[in-house]
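Colleague: Could you walk me through how to read domain interfaces in a model? I'd like the general idea and then the case at hand.

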Amino acid sequence: MSESHSVNIKGTIRLCSVVLLVIICTTAMMIGISFAQLTWPLKVTFILSVAVINAFLVASYLMHLLSEKKMVFTVLAFTVFFFAGLLGLTLWAMADFPVGTTH
Amino acid sequence: MEKNVQQFPPFREPQAPAVHEEHGHHGHDEHHHDEHHEHAEPGFITKYIFSTDHKVIGIQYGLMSLLFMLFGFGLMLLMRWQIAHPGKAVPLFGPVLEKMLGQMASGGVISPELYNSFGAMHGTIMVFLGVVPLAFAAFGNYVVPLMIGAPDMTFPRINMASFHAFFLGGVVMLVSFFVPGGAAQAGWTSYSPLATTIPTNGQAFWLVGMVLLITSSLLGAVNFIATIIQLRAPGMTWMRLPFFVWAQFVTAFILLLAFPPLEAAGLLQLMDNVAHTSFFLPTGLAVGGRLADISGGGSPLLWQHLFWFLGHPEVYVLILPAMGIVCEVIANNTRKPIWGYKSLVYSALFVGFLSFIVWAHHMYMTGMGQTIATFFQTTTMIISIPSVIILTCLFISLWGGSIRINTPMLFVLGFLPMFGIGGLTGLPLGLAAADLYLHDTYYIIAHFHYVVAPGTIFALFAGVYYWFPKMTGRRMNEFWGRVHFWCSFVFMNIVFMPMFMQGIKGMLRRMSDGGANYSAARVPGAIDTLPDSVMHLNTTILWAAIGLGIAQIPFIINLFYSIYHGEKVNSNNPWGATTLEWQTPTPPPHGNFTVEPQVARGPYEYSVPGAAKDFTPQNEAGGPPAPATHAH
Amino acid sequence: MEIPYTTQVRPDTGLYNAKLGIWLFLASEVMLFGGLFSAYVLLRVGSPEGFWPHGWLSVTLGTVNTLILALSAITTLLAWVACKVNDFRQFKLFHGLTLVLALSFLCIKSYEYHDKWIHYEIHLKDGRIADGHLEEQDEKTVTISGRIIPGDQEQLLYDLRAQKSIPRDEIKLDRSNILKMENYGPRHNTFTAIYFTMTGLHALHILGGCVVIGFLWGPGSRMWKTDHARFTNRIEISGLFWHFVDLVWIFLFPVLYLT
């Protein structure tokens, strides 16, 4: 197998503790933001950006996506693109109605 | 290997040396032959029902989906009777219907509710249980691993699970006819809130069935993609893949990424039906004149978006494998290379990609705004370009060939203009202004049936006739094949061509009496009355449809008769084909190839100047060196 | 011929079969949950101003579950590393831990479900709304522990934090005064509907993961001796699935609990 990171339990535990620590911090941050006095759109944006950081950590280190092959990236890139299309175009379609109509 | 012609049953393991080599590895490899012990003849159940061999699974899919197609066709005949003779008892089958379905068919007459059930189930069965499993799962399973020189699919047990999920889904769909309230009545698109408010349990069955079918497709898609990426034989580079494999590859990606949103939508609608949530039910929904007891707050359009996010790519799931089959048959029977192989491949990839962002052209009628409608019209017009490129390449491939006219080729030659008609009549529907008039009329029925019935299904027939000798070692009867083709071709056109006219005249679809009441309610001679000439076409269509049904009888008999009594083929490669599936023993044993093929050339080397024969198999040595992308 | 690349990587793709397979499967899972998230976004955007619930779910329990899943993701990774360095005892320890953590996640989740199930919104005939957890009921009366909300402040129902201005109390209601009584089940409104559906599907994934992890920890671990390379791959594959389930939760938590 072509894993680039060295394989030993101690090293992994060290990496994992860092990841866990960051996840704890980001989770605390999200909760903090949720109690802050902000408008909802701002709040949602902030909280989701922190969640993305969190997800990035899990995907890139725990799922070792960083050292993954091109093939996997290509598939995931298409998936993310199509998901964006699904959400974005649907939202757009729901927002764009002739004046005076309801749905 | 040359003269290794086997009798039916085709799945017996021939005593080829390669099979015995596997015994050395029994200890640490339980993955792909734990169900198969080469020495002890496996029992019927392990061999035909719990088989992990991609060829057996392909044939299982094939037979199941042909049966479902016949069933779906039967539903259609009953509906056509009702349209032509509204309110009259169905001859012959009327009493049977009454006995089986009770009140819904009292007196042998198809009630409007039953008509709606038949309509919904005809669509569902034909699309999800007939054409897709036949085109993608059956042919894909049987042919793709052989074409790329692989011993099997990458995950044989997942492959088996996929078939079983499909089977279960089919059973659930069939059972739904007999539950209280009858089968689903909200159309194959199952639009909410109709799908939730019609009082039948059949809708929940439909949704469970769909979830099972989607799971099956998903497992199949993962398997196909992994197989095509991982198991190509040495030397089988991407640009040496036969176009059929490319078509299946793109199809698998569409299924992988477009189906899950529908699965999500199916789960949400199931919650609406069973747990009484309001995902797709708007606030203030009234049912039967009374405010429905729901929380409301949902969005019916959300269902349509999630449905058509699959629904449109599904069209390409139906058509791409068919195009792949057509391509193989044309190259083989014109005895010359396919014109524009690379254009075909890139067009297929582009179609697959674009098919994800055109879906809302099915929804112009929802009153969407101009901007978003313009976006979807633009993408719709763009996606027609690669489709036209594909069809053009196939047409040009005929040019200058010394064409062998046999049954598969006849069906393919039928496919080309028929699919052309289907495709071109779709253009007005892609433009919102024209669509507003034509949508929900028979025009749209004629359009997509031209794409799928004389289009895709003809290509699938071509595939059956073409690969039958590989599956059984015998040919299907040529004469009856021609009878099958010409009768189908003629009747198919008499069925669908008049529908264009009916649609343009304004006859609405989904009316259980074929528009009789609608027409009579109008003042005679008024502008929007359906003239008698249009209404009479319903009778013409009915008889043509019956003729079409009769035309399938030679095929059914031919198929089963030829398994045992067909003319034996005298080599492993009776059509003189270049692709790898013909370079195996006939029928191929478990594990497919006796020696691992070394691919040395492209897929369509027919009539190469200076070559000994008019075809050069892909695994014949001495081709141009492979581009160094695949070190084996 | 045998199926190649079940344990070795194919040179031109750099992957073994199952690794590609699981990533393809995860891609389809992204679209599955993507469909649900799209539904969530549209329902939320489409709900009238001030009627999308905030603070209905316990942030404490959600946080605990987030940390449990993060920890279990780490123990699966460690189990895989233990496979690679060939340490069976460590593998059993870490993988067993994963299983325990997964089950405790499910326990907390079912407690939360139960909590919503016994939470009732009761419309009274005088226009007021009683909202709280059911304590006991008989044919004549219903007792809840919660608050009475004046009919003209219905919006308070949707914001639990603002609701705290009203003191919590034990309330005994006469059934003859009750107009409509409904628990916070899926049918209550679109928020509870999407909450139950999304977390329910996620919980099903956890359950599936538990079955796989349990199998690989128990009977499946016999493969450790017979085909070590393949077993290691299986642990990696199941781990990737498990991390994905964690990833989904990372988005579910803020989306449902915090915003």
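Modeller: Here is a short tour of the domain pairs.
Modeller: This is a predicted model, where local features need pLDDT of at least 70, side-chain atom pairs count only at pLDDT 80 or more, and totals for chains, interfaces and linings use all residues. Residues are numbered from 1 along each chain as its sequence is written, chains are lettered from A and ligands numbered from 1 in the order in which they are written, and side-chain values use heavy atoms, with hydrogens and water left out.

Colleague: Which domains does chain C have?

Modeller: Domain bounds come from an automatic or database assignment. For chain C, domain 1 is 17-116 + 188-258 and domain 2 is 120-183. Their centres, over C-alpha atoms, lie 35 Å apart.

Colleague: How much area do domain 1 and domain 2 of chain C bury between them?

Modeller: Interface size is often given as the accessible area lost when the parts come together. Here that's about 1,000 Å² (1.4 Å probe, summed over both parts), with 48% on carbon and sulfur atoms. On the domain 1 side of chain C, Phe51(C), Trp56(C) and His188(C) supply 49% of the buried area, more than any other three residues.

Colleague: How many residue pairs are in polar contact between domain 1 and domain 2 of chain C?

Modeller: A polar contact pairs N or O atoms within 3.5 Å; within protein, one must be able to donate a hydrogen and the other to accept it, and sequence neighbours count only if both atoms are side-chain atoms. Chain C has six such residue pairs between its domains, both residues at pLDDT 80 or more.

Colleague: And what about chain A?

Modeller: Domain 1 (1-68) and domain 2 (69-103) of chain A bury about 400 Å², 60% of it on carbon and sulfur atoms.

Conventions
Buried area = accessible area lost by both parts, 1.4 Å probe.
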